[in-house]
Amino acid sequence: MLSDPEGEILAGGGEVLFAVLDGQVLGTCALKQESPGVFELTKMAVDESLHGLGIGRRLLARAIDVFRERGGKTFFLESSTKLTPALRLYESMGFRHQPSLKPDSHYSRSDVYMIWDSEEAQAVRRESELVPSA
């Protein structure tokens with residue numbers, strides 16, 4: 001996929017997003033269209049020296065916006081339990097663990113399957129808006 005993002009992601013109706021500051025790429029992720037209305041969040045990465053600065057959260061928020069703009073119905077990702085900080089980010093943005101792995105997964109190292117729950121994400125967002133700021 002990384003060797004041919006145009007053919008593997010863009011040609012199939014997907015999109016590649018970048019976080020850029022002063023011409024420097026800080027992070028990236030992609031939405032790969034699996035079928036009409038079904039998108040996979042894939043290839044999300046942020047420069048290790050910049051972890052903890054909210055770049056991944058902004059990228060993921062933009063990916064969710066793109067998913068919505070495209071009229072997406074299902075937004076999923078596959079990951080690994082070894083990537084604890086990433087999983088916490090996904091959970092905090094409304095992705096929910098599924099009881100089993102994705103049946104037609106093409107990732108041999110994946111042991112996590114999550115689907116974005118827009119209802120849950122909206123409830124979390126509303127809850128955070130109710131918390132008074134200091």
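User: Which residues does G27 touch, not counting residues up to four places away in sequence?
Analyst: The model is predicted, so local features need pLDDT of at least 70, side-chain atom pairs count only at pLDDT 80 or more, and totals for chains, interfaces and linings use all residues. Residues are numbered from 1 along each chain as its sequence is written, and side-chain values use heavy atoms, with hydrogens and water left out. Taking contact as heavy atoms within 4.5 Å, and not counting residues up to four places away in sequence, G27 touches L17, F18, A19, A45, V46 and L59.

User: Does G27 count as buried or exposed?
Analyst: G27 has its place in strand β2, residues 24-35, where helices (H or I, at least four residues) and strands (E, at least two) are DSSP runs numbered from the N terminus. Buried means under 20% relative accessible area, exposed over 50%, and partly exposed in between (1.4 Å probe, protein chains only). Because its relative accessibility is 5%, G27 counts as buried.

User: What separates the C-alpha atoms of G27 and K43?
Analyst: Along the chain, G27 and K43 are 16 residues apart.

User: Which residues make the nonpolar surface patch of about 290 Å²?
Analyst: F18, a residue of strand β1 (residues 15-21), has a relative accessibility of 52% and therefore counts as exposed. The nonpolar surface patch of about 290 Å² is made by F18, V20 and V25.

User: How many residues apart in sequence are the parts that the pair of F67 and W116 ties together?
Analyst: The structure holds six aromatic pairs, which are rings of Phe, Tyr and Trp (its six-membered ring) with centres within 6.5 Å, counted as stacked with planes under 30 degrees apart, edge-to-face over 60 and tilted for the rest. F67 and W116 form an edge-to-face pair, 5.8 Å centre to centre with 80° between the planes. Since F67 lies in helix α2 (residues 55-69) and W116 in strand β6 (residues 112-116), the parts tied together are apart in sequence by 49 residues.

User: Which residues do ring pairs link into a cluster?
Analyst: F67 and W116 are both buried. Y90 and F95 form an aromatic pair that is also edge-to-face, at 6.1 Å centre to centre and 65° between the planes, and both Y90 and F95 are buried. The cluster linked by ring pairs consists of F39, F67, F75, Y90, F95 and W116.

User: With which residue does K32 form a salt bridge?
Analyst: The structure holds five salt bridges, each being a side-chain nitrogen of Lys or Arg within 4 Å of a carboxyl oxygen of Asp or Glu. In one of them, the closest N and O atoms of K32 and E8 are 4.0 Å apart, and the pair links distant parts of the chain, with K32 in strand β2 and E8 in helix α1 (residues 5-10), 24 residues apart. K32 counts as buried at 19% relative accessibility, whereas E8 is partly exposed at 36%. The salt-bridge partner of K32 is E8.

User: How far apart are the closest N and O atoms of R70 and E15?
Analyst: R70 and E15 form a salt bridge. R70 lies in the loop between α2 and β4 (74-79) and E15 in strand β1, so the pair ties together parts that are 55 residues apart in sequence. R70 is partly exposed, with a relative accessible area of 37%, and E15 counts as partly exposed at 24%. The closest N and O atoms are apart by 2.9 Å.

Conventions:
Patches are made of residues with over 30% relative accessible area and no salt bridge: like charges are joined within 9 Å, nonpolar side chains (Val, Leu, Ile, Met, Phe, Trp, Tyr) within 5 Å. Accessible areas come from the Shrake-Rupley method with a 1.4 Å probe; for residues, only the protein chains shown count as cover.
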